[in-house]
Amino acid sequence: MDNIIELNALNLSSVPENVKIPTYDRSKVKTGIVHVGIGGFHRAHQAYYTDELLQSHGADDWGICGIALLETDKKIYDVLARQDGLYTLMITEQDGRKHARVIGSIVEYLFAPLNPAAVIKKMADPGVRIITLTITEGGYNFHPDSGEFMADTAGIQWDLYNPEQPKTIFGYLTQALKLRKENGTGVLTLQSCDNIQHNGAVLKKMLMAYIALAEPELSGWVQKHVSFPNSMVDRITPVTAIADIASLSENFSIADEWPVVCEPFCQWIIADDFIAGRPAWEKVGAQFVDEVDPYEKMKIRLVNGGHVSLGFTGYLNGYRFVNETISDDLYYNFVRGFLDKEASPVLDPVPGIDIEVYKTILMQRFANPHIQDQLTRIFSESSAKIPKFIIPTLLEQLENGGEIRKCVLMIASWCRYLELADTEGYADEVQDEMRSTLIANAKASLESDELAFIKMDNIFGNLVSYTRFTELYLSVIRGLRSSGIVKMIETLDKY
């Protein structure tokens with residue numbers, strides 16, 4: 001197609017009129033936020049909110065420096081570097097209408113493995129008053145059963161002995177805070193934007209545990225000079241596909257190497273605990289509250305838990321996308337039943353939220369046919385997700401004598417998926433840091449000890465000690481192997 005515009009700062013004024021572009025002068029925007037983890041979700045959420053604030057209200061002190069932390073983040077760093085930090089956000093409505101806007105709030109970008117010192121220096125810069133994180137659930141390095149920091153992992157051990165060349169977020173933050181203390185830089189807010197309940201408190205606990213090992217004399221200064229607000233974030237953001245890049249080119253005449261696709265729904269609820277000041281995100285839709293906990297719990301148990309309920313169960317039936325799975329009435333009823341009978345009974349009151357309306361909207365979001373959200377994305381790194389999204393609901397229902405069948409089927413479906421890994425029809429790579437261990441224990445449950453999979457206490461804690469659970473789990477996994485997933489969902493209430 002002719003007249004395709006390569007996305008970069010020089011060509012920004014040539015972008016077609018049906019695409020919203022930054023109208024603010026990006027050259028005058030100073031970095032006030034360092035964000036670690038510049039993947040799709042950050043670019044659909046926090047960077048979007050910040051761009052909207054820059055557009056409509058002016059916030060020139062709050063530009064973002066995006067940090068690509070891992071070696072595997074090299075591609076996104078290279079793309080942002082070539083595109084001067086610009087990218088296109090495509091918001092797709094339920095009826096298929098697409099809206100495109102170029103986001104300009106990322107004004108700097110660094111690749112940590114190439115130059116760790118530059119990242120530490122930027123984090124310690126006096127102009128930087130907030131450091132935010134989207135490092136995935138597994139990046140916080142805590143044991144899912146005890147909740148304690150795991151100091152013996154390879155990355156942490158490397159950082160303890162090589163503090164100037166860190167690999168983990170804890171190594172970087174500690175060295176930056178040390179430098180801020182030495183330079184008298186002043187106060188700082190560290191904000192998690194990951195799907196972890198009490199995410200700010202968890203970040204603080206894990207960081208303080210690392211500091212106690214690496215720089216114990218820094219602990220007191222951090223307690224006094226750093227705040228850790230909790231937050232709840234929500235926007236379905238599937239992995240960008242080749243078809244999305246082609247669609248952007250075809251419909252909007254933009255050549256963008258890594259656009260982001262997302263749904264219209266967007267939510268950000270934040271505890272107002274910013275010790276060094278903050279952008280006025282509330283002017284563009286964010287909500288600041290005194291207590292985030294009930295909102296976090298609602299989102300994690302319903303949105304993330306609902307996604308998990310579709311993941312392995314849908315994949316076992318040959319589905320590959322969220323919307324096609326939930327368009328099957330069998331799965332629609334399964335998910336809604338999970339939300340109503342297992343997740344909702346253990347929620348806390350959520351001020352200002354009608355839970356029944358919230359669940360109905362959630363089901364509509366899952367069903368959006370134009371958000372091609374892959375099931376493989378939903379269940380990637382499940383060893384980190386399921387202990388946070390499903391196990392707490394299951395444990396509370398066990399303690400209360402409540403309904404657990406659908407939670408049990410989710411776990412059994414995970415095991416069955418791993419049993420079939422690398423066989424015909426299951427050639428997709430299991431994306432999980434614990435891949436080898438997971439597959440080994442799943443296959444052991446098929447060949448020797450039927451409870452081998454759920455005996456992994458670093459994932460399931462003491463779940464195996466609940467007789468009610470194990471008896472139901474064994475019945476369900478046996479039925480799953482002999483009759484298949486459809487039959488199991490159809491007859492689950494009889495177990």
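User: Which residues of α13 are buried?
Analyst: This is a predicted model. In α13, the buried residues are Ile 355, Tyr 358, Lys 359, Leu 362, Met 363, Arg 365 and Phe 366.

User: Where do they sit around the helix axis?
Analyst: Seen down the axis of α13, the buried residues fall within an arc of 160°, so they line one face of the helix.

User: Why would residues three or four places apart point the same way?
Analyst: Because an α-helix has 3.6 residues a turn.

User: What covers the buried residues of α13?
Analyst: The cover includes two strands, β11 (231–234) and β14 (267–271). It also includes the helices α10 (293–315), α11 (322–326) and α12 (329–343).

User: How many residues does α13 have, and how far does it reach?
Analyst: Helix α13 runs over residues 355–367 and has 13 residues. From its first C-alpha to its last it reaches 18 Å, close to the 18 Å expected at 1.5 Å a residue.

User: What caps its N-terminal end?
Analyst: Asp 354 does. One of its side-chain oxygens lies 3.1 Å from the backbone nitrogen of Glu 356.

User: Now α20. How many residues there?
Analyst: Helix α20 (residues 467–483) has 17 residues. Its reach, first C-alpha to last, is 24 Å, close to the 24 Å expected at 1.5 Å a residue.

User: Which of its residues are buried, and what covers them?
Analyst: The buried residues of α20 are Phe 469, Thr 470, Leu 472, Tyr 473, Leu 474, Val 476, Ile 477, Gly 479 and Leu 480. Their cover includes α16 (391–400), α17 and α21 (485–491).

User: And what follows α20?
Analyst: Gly 484 follows α20, and its phi is positive, near 90°.

User: Which residues other than glycine have a positive phi?
Analyst: His 198 is one of them, with phi near 60°. Asp 422 is another non-glycine residue with a positive phi, about 75°.

User: Where are those two found?
Analyst: His 198 is in the loop between β9 (188–192) and α7 (199–214). Asp 422 is in the loop between α17 and α18 (435–447).

User: How accessible are they?
Analyst: His 198 is partly exposed, with a relative accessible area of 30%. Asp 422 also counts as partly exposed, at 49% relative accessibility.

User: Switching to aromatics. How many aromatic pairs are there?
Analyst: The count comes to 21 aromatic pairs. One of them is formed by Tyr 77 and Tyr 109, with 6.5 Å centre to centre and 65° between the planes, which makes the pair edge-to-face.

User: Which parts of the chain does that pair link?
Analyst: Tyr 77 is in helix α3 (residues 74–82) and Tyr 109 is in strand β7 (residues 106–111), so the pair links distant parts of the chain, 32 residues apart. Tyr 77 is buried, with a relative accessible area of 18%, because buried means under 20%.

User: What about Trp 414 and Phe 460?
Analyst: Trp 414 and Phe 460 form a tilted pair, 5.9 Å centre to centre with 55° between the planes. Trp 414 is in helix α17 (residues 405–419) and Phe 460 in helix α19 (residues 457–460), 46 residues apart. Both Trp 414 and Phe 460 are buried.

User: Which cluster do ring pairs link?
Analyst: Ring pairs link Phe 312, Tyr 315, Phe 379, Trp 414, Tyr 417, Phe 453 and Phe 460 into a cluster.

User: Which arginines lie over a ring face?
Analyst: Arg 320 lies over the face of Tyr 315, at 3.5 Å from the ring centre. Arg 43 lies over the face of Tyr 87, at 4.9 Å from the ring centre.

User: Last topic, a few single residues. Is Thr 50 buried or exposed?
Analyst: Thr 50 counts as buried, at 0% relative accessibility. Thr 50 is in helix α2 (residues 46–56). Leaving aside neighbours within four places in sequence, Thr 50 is in contact with Trp 62, Ile 64, Ser 105 and Trp 281.

User: And Ala 176, buried or exposed?
Analyst: Ala 176 is buried, at 2% relative accessibility, and is placed in helix α6 (residues 169–183). Not counting residues up to four places away in sequence, Ala 176 touches Ile 120, Met 123 and Ala 124.

User: Glu 250, buried or exposed?
Analyst: Glu 250 counts as exposed, at 57% relative accessibility. Glu 250 lies in helix α9 (residues 242–252).

Technical notes:
Residues numbered from 1 in each chain as written. Predicted model: local features only at pLDDT ≥ 70, side-chain atom pairs only at ≥ 80, totals over all residues. Heavy atoms only, no water. Helix = DSSP H or I, 4+ residues; strand = E, 2+ residues; numbered from the N terminus. Expected span 1.5 Å × (residues − 1). Buried < 20%, exposed > 50% of the residue type's maximum accessible area, 1.4 Å probe, protein only. Arc of directions from axis to C-beta. Contact = heavy atoms within 4.5 Å. Polar contact = N/O pair within 3.5 Å; in protein donor to acceptor, adjacent residues only side chain to side chain. Phe/Tyr/Trp six-rings, centres within 6.5 Å; stacked < 30°, edge-to-face > 60°. Lys NZ or Arg CZ within 6 Å of the ring centre and 35° of its normal.
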